[in-house]
Amino acid sequence: MAKLDAAQSAAIPIPDARPVERSGSLAGIGWASAVAGACLLAALVFTWPLPLHLTSTVPLGTEHASTVHLFTIWTLWWTADRAAHGFANYWDAPSFYPNAGVFTFSEPEPLTGLAVSPLWAMGASPALIHNVALLAILVLNGVFAYRLARALDAPRFVSLLGGVLGVMLPFSALMMGVVNLIPAFGFLWTLEGLVRFGRDGSAGNAAWTAAGFLAAYLTCQQYALMFVPFAAAAGIVALWQRKFEWRSIVKLGVAGAVAGLIIAWIALPALRLHEELGFARSELVVQRLSARPVDFLTRPETAAVPFPPAHKLEEDTGGLFPGAILSVLAVAGAVIGIRDPRRRRWTVVLVATALGAMILAMGYNFGFGALSPFGLLRSVVPGFAELRSVFRFAVIMQAVLPVLAVFALAALSGRSRWVGASLAAVLALAGAAENLSVPQGLVAVPESPRTAWTEWLKGRGDLTAVAHVPFPAGLKVKDYEVEAWRMYAQIDHGKPIVNGYSGYFPPGYTDFQLDMALRFPAADLICELNRGLEVDTLVVDRAWLADHEEGMSKVAGMLQPLYDDADVQIYRMQTTEEQCKRETAQSDK
C-alpha cells in the first residue's frame, strides 16, 4: 500500500479529481501574479544588461547590423500610425514608393504593433517601445508554457518552473535581434485550448483554441503557417478524445472557421499580390536555409556556455541546440508521460510535435531521395512555397520541450515535499542558466527619430516623395542598414520614400538599387526618379556628397537646393521633358 501511495503522489492527478482553479479567486490571482512576475524576472535576466538601458538601446542578439532592429521599430510605428486612422491603407506602407502593398513583403506583426501603439501616443522612445514588445513576448512565452502544463494537470510550482524554461529558449536567444521571430506563445496557447477542449468539449475552450491560433498568426504569419500541420493533428486528437461526437465537431469546426475567415480576410490581399508578383522561394534558397543534423548540436553565437560550440557566423542555420539539461528533462518527461495512461495521449502529441518540427526544420536535408516531408507539404499547403528559412521550425520543437520537462520535474518534486521541490527548482534553473546568452550586445538607438532635417522636411507640404542617396551597393542584410536608418528617420518626417528594406523587394527594385549605387548622379537616373517614379525630393548624405561634388555639378540644372545642414543636403528635382528625352537617348547609345 505504501508503494501504491508513493506512485499516486508522484503521478499527475486525474482530470476529474483536479481542483478547479478559479481565475477570480485569491489563490488564482496570487498564482497568476507569481507566474507573470517570475516570467518577467526571467525575461530581464535573459536580456541582461538591456534592463539598464531600455530607452536608448536594443539587443543585438546574433545579428551583426542594426538593420532588422530598426526595421522592427519602423514596423511597430506604421501599425500604430495606421491604427490611429482605422487601418486605412495599412498594406500600402510608405517605403519603396510608388509601389503598393509593400507592407505585405515582410511580417506585419499587427497584434504586437497594436499592443504597443499607446506608447507612441505617450511619446515613449522607439527603443523603449521595441523593448516592451520584446519583453512582453518573452513573458507570454513563459506564461503559456505554464498554462499548457497546468492544462495537462501538472502541479503549479513545477509548471511555473516550466514557464521560466519557456522564457529562456535558446531559439529566442538566437533570434533576440528579430522580435517577430520570438513569439512561441501562440503555439502553446492553441495546444492548451485543444487539451482543455478534449477534456470538456466546451464552446469556450474551442474559442480559446481559435484565439490562440489567431494570436500566433497576428504575431508571426510564417510561424502560424508552420504550425498548421501540428495544430491540425492536435485538433484531431482532441476530437478523438471527445469520441468525434457531432457537437464537439461543430463547436471546434465553427471556432476554426471563424478564425480561418479572419485570417483569410487579412491574408488574401497579400496572397493575391504575391501571386501577381510571382513571389516564391526557390528550392536552392530553401535548401541553403534548411537545418542540418549538426545544427542541433551547436549553440547560438552569443551563448554563455561554450559547449557544444557556437555556430559559425557564415552558418545561417546553426545554433539550434536546445540545452543539455532541458533535453534530458524533456526526454525523461516524455517517458513518464507515455507510461501514464492518463497523460499518454497528449504526451505523444507533444513528442510528435517536437520530432516533427525537428524533421521539418531540416527541410530538403531530410528525406528519401527526391522526397522529403517538407517538400510534400510545400507542394500541397498554400503559402509553404513562400517559406524561406525553414530551420525556424525549430522554434516549435523548442517551445514544447519545457512542457515535457515539467512532467519529469513533477515526478521528482512529488517524492518529497521540500527536498524534491528544491531539487526540481535547482534542475530547472540550471537548465535555464545553461541557455543564457548574456551579456547581450546592445545597439544604441536615438531616443527620437527627430533631427533638424526631418523636422524641416515634415513641415514642407509642397514636397511629396523622397529618394535618399546613397543607395546600398550590396544585397546583404548589413548593406541595408543605411536604408533602415532612412526608415527610422521617416518615423518623424512621414514622407513616402523610394528606399526601403523588406523580406521581399518589388520586382526590378534590386537592379534599380544597384544602378543607383553605381551610377548616381547620372542625369538619366535623376529623370527616372523625377519623371518615372514621380519623386520630387532628393536627400543626399553629406559624407557621400563630399566625394561626388564633380558629378553633382554636372546635373546642377536638374536640382534646386532647398536645405542643408551638417548631415544632409536636400534638393527639389526639377527636370524637363526635353532634358530627359535627351538623357534617355544618350544612355541608350
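**Entry: Gln 579.** I began with Gln 579, which counts as buried because its relative accessibility is 18%, and buried means under 20% relative accessible area. I note here that I am working with a predicted model. When I looked up where this residue sits, I found Gln 579 in helix α24, which covers residues 577–588. I then asked what Gln 579 touches once residues up to four places away in sequence are set aside, and I listed Gly 557, Met 558 and Gln 574. I also looked at its side chain, where a polar atom of Gln 579 lies 2.9 Å from the backbone nitrogen of Thr 576.

**Entry: Thr 75.** My next residue was Thr 75, which I located in helix α3, residues 67–83. Buried or exposed, I asked of Thr 75? With a relative accessible area of 1%, Thr 75 is buried. Leaving out its neighbours within four places in sequence, I found Thr 75 in contact with Phe 103, Glu 107, Pro 108 and Glu 109.

**Entry: Val 469.** Val 469 counts as buried, since its relative accessibility is 2%. Not counting residues up to four places away in sequence, Val 469 touches Arg 486, Met 516, Phe 520, Leu 538, Val 539, Val 540, Asp 541 and Trp 544. I also checked Ile 526, which is 57 residues from Val 469 along the chain, and found their C-alpha atoms separated by 11 Å.

**Entry: the nonpolar core.** I looked up the largest nonpolar core, which has 190 residues, and noted that Phe 520 and Leu 538, both touched by Val 469, are among the residues with the most contacts inside this core. That list also holds Phe 171, Trp 346, Phe 393, Ile 396 and Leu 529. I followed up Trp 346 and, with residues up to four places away in sequence not counted, found that Trp 346 touches Leu 152, Leu 194, Val 195, Ala 234, Val 237, Ala 238 and Gln 241.

**Entry: two packed helices.** Last, I looked at helix α13 (residues 324–339) and helix α17 (residues 419–434), which pack at an angle of about 135° with their axes 7 Å apart. This angle makes α13 oblique to α17. On the α13 side I found Ala 324, Ile 325, Leu 326 and Leu 329 making the contact, and on the α17 side Leu 427, Ala 430, Gly 431 and Glu 434. Sorted by class, the residues in this contact of α13 with α17 are six nonpolar, one polar and one charged.

How values were computed
Residues numbered from 1 in each chain as written. Predicted model: local features only at pLDDT ≥ 70, side-chain atom pairs only at ≥ 80, totals over all residues. Heavy atoms only, no water. Core = buried A, V, L, I, M, F, W, Y, C linked by side-chain atoms within 4.5 Å. Buried < 20%, exposed > 50% of the residue type's maximum accessible area, 1.4 Å probe, protein only. Contact = heavy atoms within 4.5 Å. Axes fitted to C-alpha atoms, helices over the stretch in contact; angles between N-to-C directions. Helix = DSSP H or I, 4+ residues; strand = E, 2+ residues; numbered from the N terminus. Parallel < 35°, antiparallel > 145°, perpendicular 65-115°, else oblique. Nonpolar A, V, L, I, M, F, W, Y, C, P; charged D, E, K, R; others polar. Polar contact = N/O pair within 3.5 Å; in protein donor to acceptor, adjacent residues only side chain to side chain.
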